[in-house]
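The sequence and structure come first.

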Amino acid sequence: GPVVARHGPDNHGPASASVAEVQRNRLGERGTGLENVDHRVLVYTDLHSLEPNLDPRPPQREIELHLTGNMEAFMWGIDGKKFSEAREPVFLDYGERVRLIMVNDTMMEHPMHLHGVLMELVNGATPKRRPRKHTIIVKPAERLSLDFTADEPGNWAFHCHLQYHMDMGMMRVFNIGLPAGE
């Protein structure tokens, strides 16, 4: 896919063996192992919602998270930190519209999942018809965006769905505050 960004100066410390110097939009690419099959393969750019999305507002802010890892040390994390090293949750206001940007700085795919909310994949579909996802596979050196509304109060897990990556630290907590007056 096309280069959409270049990595900044932060290398995320020893928990990150590499960084994706160039970040690509890979939503139109087939998944690992499906590159050379003869039949049609659906890719993320083929998807759109059959029902209009409920919240048409543009995002109020962006949160960029880097998926990081060091296979020699068998460390996985987000922004170079294991879950046990993350001091604070990611705080969101109730009703806030958020764009979550994920950058995969590792050499592996990561199926990332945020509990409690449906995320709308920014994949080229019109904003009202973006596909809603619970889990998104982020390919190596990929940069992708998902929009969502923080409308379920509480603490919600955000993690890689590869169990051993989550167990080794690729996890965070998103805290959605209570609605005003509660």
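Is Arg61 buried, partly exposed or exposed? Arg61 counts as partly exposed because its relative accessibility is 31%; buried means under 20% relative accessible area, exposed over 50%, and partly exposed in between (1.4 Å probe, protein chains only).

The model is predicted, so local features need pLDDT of at least 70 and side-chain atom pairs count only at pLDDT 80 or more, while totals for chains, interfaces and linings use all residues. Residues are numbered from 1 along each chain as its sequence is written, and side-chain values use heavy atoms, with hydrogens and water left out.

A salt bridge is a side-chain nitrogen of Lys or Arg within 4 Å of a carboxyl oxygen of Asp or Glu. By this rule there are eight salt bridges. The table lists some of them.

| Pair | Closest N to O |
|---|---|
| Arg61 and Glu96 | 2.4 Å |
| Arg130 and Asp147 | 2.9 Å |

Arg61 forms a salt bridge with Glu96. Arg61 is in strand 3 (residues 61-70) and Glu96 in the loop between strand 5 (90-92) and strand 6 (97-104), 35 residues apart. Strands (E, at least two residues) are DSSP runs, numbered from the N terminus. Glu96 counts as buried, at 9% relative accessibility.

Glu120 is buried at 6%, and Arg97 is buried at 2%.

Arg130 and Asp147 are both buried. Together with Arg99, they are linked in a network of salt bridges.

Notes:
Helix = DSSP H or I, 4+ residues; strand = E, 2+ residues; numbered from the N terminus.
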